[in-house]
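Dear colleague,

I am handing over the structure below, together with some notes on what I found when going through it. Please read the notes with the structure open beside them.

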Amino acid sequence: METNSLSRRRSSVFWASFGDVFKFYFFLGTHSRRPKLFFLLALVPVAMAVIFKSSQLIYGYPRFSGLFIYSNMIMMFFLQFLILLLTLFFGTSICGEEVEGKTLPYIVTRPVNKTAFLLGKYAAYTLLVSIITLVSLTLSFIIMNLNRLGDFKLYRVLLRDGGVLLLGIWCYAALFTFLGVIFKKAIFFGLLFSFGWENVIQYFPGKTQKLAIVHYLKSLLPPLSQEGFPFLLFRLEPTPRGEAILILLGIMVFFLGLSCALYAWKEFIIET
């Protein structure tokens, strides 16, 4: 009985700490300057949609439909650039900003479970990134399909793409959280991974391309038309969707678990 009572008490303290950390950093994130700057960056695909749609209205019936441009260009901008950049800066800062701001000693000396702290902050920052991304995606989708908003079947595309981007955000944020725990200059290594490895290895033939997270994200999308922008799916050999989802969730759990274990074990040196 005492063991069960102690276990329930620890679980209650853990979730209370998780909730407090989540609420604090989510509120802090919504009122700080950095998320506002990234929200402006997230308006780039919206601006792209406005330009494409304006050209369609001005010059008449286009060669490509609004849905084609959205799926082949705007969605790829989100997938291969925007979510990588957002999760890189937010993910690496989960641990990094406490070290750089010299606030980590105050956090680790307070009666807050380290795992609850890391997971609470991860949840707060991924929610911020998700909101920024989904608002931009929805606006871009609506603008590009103004003439078809009454076609409710079309919204399945938006729901599917939003789900794929959310999976990408969770995976990349977990990976970059791990980098932030083990490296002092995590942003540098994150940039190398995001715009080096991740954007090159996916175009290798065979099983090599499966070493990129974006490969599994692209596997969840329907084959794009080779007309217009064939380079976006060059050499893509998709993984079955069910397998791709399990692998993405596994990547998230693996790097989050590793981050929590290392964060609880590692001694951080704060430079004075």
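Aromatic pairs number 21 in this structure, which is a predicted model. One of them joins Phe178 and Phe255, whose ring centres lie 5.4 Å apart; because their planes stand at 50°, the pair counts as tilted, the tilted class being what remains between stacked, under 30 degrees, and edge-to-face, over 60. Since Phe178 belongs to helix α7 and Phe255 to helix α10 (residues 241-265), this pair ties together parts that are 77 residues apart in sequence.

Helix α7 (residues 155-182) also matters for how the model is read, as confidence in the protein chain is highest there, at a mean pLDDT of 94, whereas helix α5 (residues 104-108) has the lowest, at 54. Over the protein chain the average pLDDT is 82, with 82% of the residues scoring at least 70. Where pLDDT is low, the predicted coordinates should not be read in detail.

The other point concerns helix α2 (residues 33-42) and helix α6 (residues 114-144), whose axes come within 9 Å and cross at roughly 30°. Because angles under 35 degrees count as roughly parallel, α2 is roughly parallel to α6, and the crossing of the two is right-handed. On the α2 side the contact is made by Arg34, Pro35, Phe38, Phe39 and Ala42, and on the α6 side by Tyr125, Ile132, Val135 and Ser136.

With best wishes

Key: Residues are numbered from 1 along each chain as its sequence is written. This is a predicted model: local features need pLDDT of at least 70, side-chain atom pairs count only at pLDDT 80 or more; totals for chains, interfaces and linings use all residues. Side-chain values use heavy atoms; hydrogens and water are left out. pLDDT is the predictor's confidence in each residue, from 0 to 100. Helices (H or I, at least four residues) and strands (E, at least two) are DSSP runs, numbered from the N terminus. Axes are lines fitted to C-alpha atoms, for helices over the stretch in contact, and angles run from 0 to 180 degrees between N-to-C directions. Angles under 35 degrees count as roughly parallel, over 145 as roughly antiparallel, 65 to 115 as roughly perpendicular and the rest as oblique. A crossing is left-handed if the near helix is turned anticlockwise from the far one by less than a right angle, and right-handed if clockwise. Contact means heavy atoms within 4.5 Å. Rings of Phe, Tyr and Trp (its six-membered ring) pair if their centres lie within 6.5 Å; planes under 30 degrees apart count as stacked, over 60 as edge-to-face and the rest as tilted.
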